[in-house]
Structures are given as structure tokens and as C-alpha cells.
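Reader: I am new to this one. Could you take me through it step by step?

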Amino acid sequence: MRISELARQTGTTPRALRYYEEQGLLRPDRHASGYRHYDEQAVRVVGHIQLLLSAGLGTAAIAEILPCIPDDRTVLAPTCPELLDALAEERHRLTGSIEKLTTARAILDRIIQGAPDRH
């Protein structure tokens with residue numbers, strides 16, 4: 001399938017797909033004309049990329065994780081236990097970020113609640 005079709009099927013943009021390719025996350029075939037051609041597996045890979053990005057992981061970490069997710073049923077292949085420590089560190093970093101955001105939201109809530117009525 002062409003890049004526009006993959007973008008449509010995955011709810012992303014061709015620009016994002018080109019970025020994923022630049023980062024080594026997607027590896028489309030190239031036609032003689034230079035057009036990218038993606039196989040059906042690319043839909044699954046893009047879904048994994050989007051999920052991992054939404055979890056706060058960077059593309060370098062995702063590039064290491066993707067080969068360890070062989071299908072939609074396997075969370076992490078048993079051949080990749082070395083990633084567990086790095087993932088635990090990433091989870092710890094995310095927890096810290098969540099705590100900071102929660103504190104910031106609480107401060108905003110207090111400011112909004114203490115503000116005079118604007119009506």
C-alpha cells in the first residue's frame with residue numbers, strides 16, 4: 001500500500017510516517033518509481049509505534065522495543081529480557097512526570113477556585 005493509504009488506515013499523517021521511517025521505525029520497500037510501498041504488517045507496526053509514543057517513550061527506545069513485539073498478542077518477546085531494566089527506568093521517569101503534572105494541576109485548581117467571578 002502507498003503512504004497515503006497507510007496514513008488513512010492508521011489515523012496518522014504521511015509526514016508522521018516519513019518521520020517514523022527517518023527514525024528507523026518503519027522500513028517500506030521502494031518501487032522503481034521511488035514511491036514507498038508498505039505491507040499489511042506496517043499497520044500493526046504503526047499501531048505499536050503510536051501506542052509507545054503515547055506512553056511517553058522516545059523513538060530511540062521504540063526502535064529497540066519494536067523487534068521484541070513480534071505480534072499483537074505478545075507484550076514482550078522472551079528473547080528481549082534486557083529491555084526490562086530500561087523499561088522500568090522509563091516507567092520511573094514517567095511516574096515522576098505524572099507527579100509533577102498532578103502538582104501543577106492542583107495549583108491551577110486552587111488558583112481557579114480562588115479567582116473572582118468573571119461574570
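Predicted model: local features only at pLDDT ≥ 70, side-chain atom pairs only at ≥ 80, totals over all residues.

Reader: What does the secondary structure of the protein chain come to?

Author: The protein chain has five helices and two strands, which are DSSP runs numbered from the N terminus (helices: H or I, at least four residues; strands: E, at least two). From the N terminus on, the order is α-α-β-β-α-α-α. The chain is more spread out than a compact globule, because its radius of gyration is 20 Å, well over the 14 Å that the globule rule gives for 119 residues. That radius is taken over C-alpha atoms, and the rule is 2.2 Å times the number of residues to the power 0.38.

Reader: How much of the chain is buried?

Author: Buried residues make up 28% of the 119 residues, where buried means under 20% relative accessible area, exposed over 50% and partly exposed in between (1.4 Å probe, protein chains only).

Reader: Which residues of α3 are buried, and what covers them?

Author: In α3, the buried residues are Ala 42, Arg 44, Val 45, Val 46, His 48, Ile 49 and Leu 52. Their cover includes α1 (3-10), α2 (14-22) and α4 (59-65). After α3 comes Gly 56, with a positive phi near 95°.

Reader: Changing topic, where does Thr 10 lie, and is it buried or exposed?

Author: Thr 10 lies in helix α1, and Thr 10 counts as buried because its relative accessibility is 14%. Neighbours within four places in sequence aside, Thr 10 is in contact (heavy atoms within 4.5 Å) with Val 43, Val 46 and Gln 50.

Reader: And the largest pocket: what volume does it have, and which residues are closest to its centre?

Author: The volume of the largest pocket is about 360 Å³. Of its 19 lining residues, Leu 25, Leu 26, Arg 27, Gln 41 and Val 45 are the closest to the centre. A pocket here is an open set of points on a 1 Å grid where a 1.4 Å probe fits, with protein on both sides within 12 Å along at least five of seven lines, and lining residues have an atom within 4 Å of a point.

Reader: Which helix gives the most to that lining?

Author: Helix α3 (residues 41-54) does, with five residues.

Definitions and conventions: Residues numbered from 1 in each chain as written. Heavy atoms only, no water. Points joined across faces, edges and corners; volume = space filled by probe spheres on them.
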